[in-house]
Amino acid sequence: MLDLFSGLDTHVVITLVLSLGFVLAFEFINGFHDTANAVATVIYTQSMKPRLAVFYSGVCNFLGVMSGGLAVAYAIVHLLPVDLLISVNTSRGMAMVFALLAAAILWNLGTWYLGLPASSSHTLIGAILGVGVANSLINHTALSHGVNWGKAIDVGASLLVSPVVGAVTAGLIVILLRRYRPHSNVHKTPYQRQQVEGRKHPPFWTRFMLIVSAMGVSFAHGSNDGQKGVGLIMLVLIGIVPAKFVLNLDSTPYQLDRTRDAAVHLQQFYQRHEMELSKIMVKTNGTSQYECHPQQTVATAGQLIKLMGDSTDYHHLSASQRWDVRTQLLCLDDAAKNAAALPNLSSDEKQLLSNLRKDLTTTTEYAPTWVIVAVALSLGIGTMIGWRRVVKTVGEGIGKKDMTYAQGVAAQTTAAVSIGLASWFGFPVSTTHVLSSGVAGTMVADKAGLQMSTVRSIALAWLFTLPAAMLLAGGMYYLAAQWF
């Protein structure tokens, strides 16, 4: 990180500092915006004191980011079409990054102020979709090319299905506890525990499970939401100091060999299936360097192989050559994805294309350790403040009756496991909605009823977050683009 600013002009340094600060501010806000969802039940049930709970939640968020990998980070980044990704080093590209971050921050702050458990994931994804649509309007291209709709559908499905899974699973856990442990103290509320037994804290094992599951939610939240900040920082770095970050300059000779081999095999695949591919490839007439040309995939692979040569690292390439290599790799990855749509492909050929995509992106989809640490610190520190507004909503506002210990354990355990699995498979999900829906599911299972006014507010926030973020980000990007 120490050489990040070396050799840069003053105005570039200022732009870089502001840009990085903007992303870290988003993650800081994400931290305190989503904190209550991770610690609401453990605080509400008096299993831990608030300050201690949010401290350990912050630590677990930090550890989650550090160990979360990059699958979700680049799932978010690739919501943008490849044409936008290869033009991020332009002024319009930077306007895009600022617009989507500003929109996400404004909406997050607004919903946090109102105490609504809105989703930072929804907000960010909506902002990305907004700038993609605005870019299509600016360039007078079809909306189908403005956003990677295939990836958007996958992400949308994960955001839609995860709350349903959370509600059903948490509800089933409560039903099972009611059936096999009907007289347990786990079914009492904190108020009942204190009034009837005169004890402030839950029973030992119940308290243990509440604390463990709460920290599990925090860890899972970090592993999923933290990656989104990592992806955004990489967009900023690639846009402002491309020579240092368009490619992983610490790539091993083995990784470069895999990349070269993937280009050769994709070239051969396209030559073997030339007739079939010609029917599904979108013809492009432009000559822009910020546009992929699917019909030229064989030539693009040849250019990449020639440019890389027999080198064992990327340091020998000039700044412009590094950008060319990145562009060619992204276009070839897109070509491999499109080739997978061919009818009558064998399972072996589909697996080949999947493996080629991994090898083609192995040196472009990365993040330096300092980027991950910076995001982890921002999210972890942000987690330690701002929890009060949402804790009461989750603990008392969703159901008509106060939350029981069993409901808290069920909702948190379900959230921790489902979010952790989503991070493992690279699906961005909403911690807010998974946990809130889990609480609602336990209330229904316990026949406690739901406070429809609160549920309605959460549902409206869920419904309007995506279009609101799209309008905010798209509008700001459209206005900013007029200046460039």
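This is a predicted model: local features need pLDDT of at least 70, side-chain atom pairs count only at pLDDT 80 or more; totals for chains, interfaces and linings use all residues.

**Whole chain.** Start with a cartoon view: you'll find 20 helices and zero strands. Of the 484 residues, 55% count as buried. For contacts between residues at least 6 apart in sequence, 84% join residues at least 24 apart.

**The largest nonpolar core.** Next, select L100, L237, L266 and Y314. Within this core of 92 residues, those four touch the most other members. Now color helix α5, residues 91-113: its 11 residues are the largest share of the core. Then color domain 1 (2-244 + 367-483) and domain 2 (253-362), since the core draws at least three residues from each.

**Zoom in on L266.** Which residues does L266 contact, leaving aside neighbours within four places in sequence? Show T297, L332, A335, A336, L353, L356 and L360, and you have them.

Select V42, C60, A214 and A411. They are among the 25 residues of another core, which lies apart from the largest one.

**Last stop: N344.** Go to the loop between α14 (319-339) and α15 (347-360), where N344 lies. Check its backbone: phi is positive, about 65°, although N344 is not a glycine. Is this residue buried or exposed? Its relative accessibility is 80%, so N344 counts as exposed.

Key
Residues are numbered from 1 along each chain as its sequence is written. Side-chain values use heavy atoms; hydrogens and water are left out. A nonpolar core is a set of buried Ala, Val, Leu, Ile, Met, Phe, Trp, Tyr and Cys residues joined through side-chain atoms within 4.5 Å. Buried means under 20% relative accessible area, exposed over 50%, partly exposed in between (1.4 Å probe, protein chains only). Helices (H or I, at least four residues) and strands (E, at least two) are DSSP runs, numbered from the N terminus. Domain bounds come from an automatic or database domain assignment. Contact means heavy atoms within 4.5 Å.
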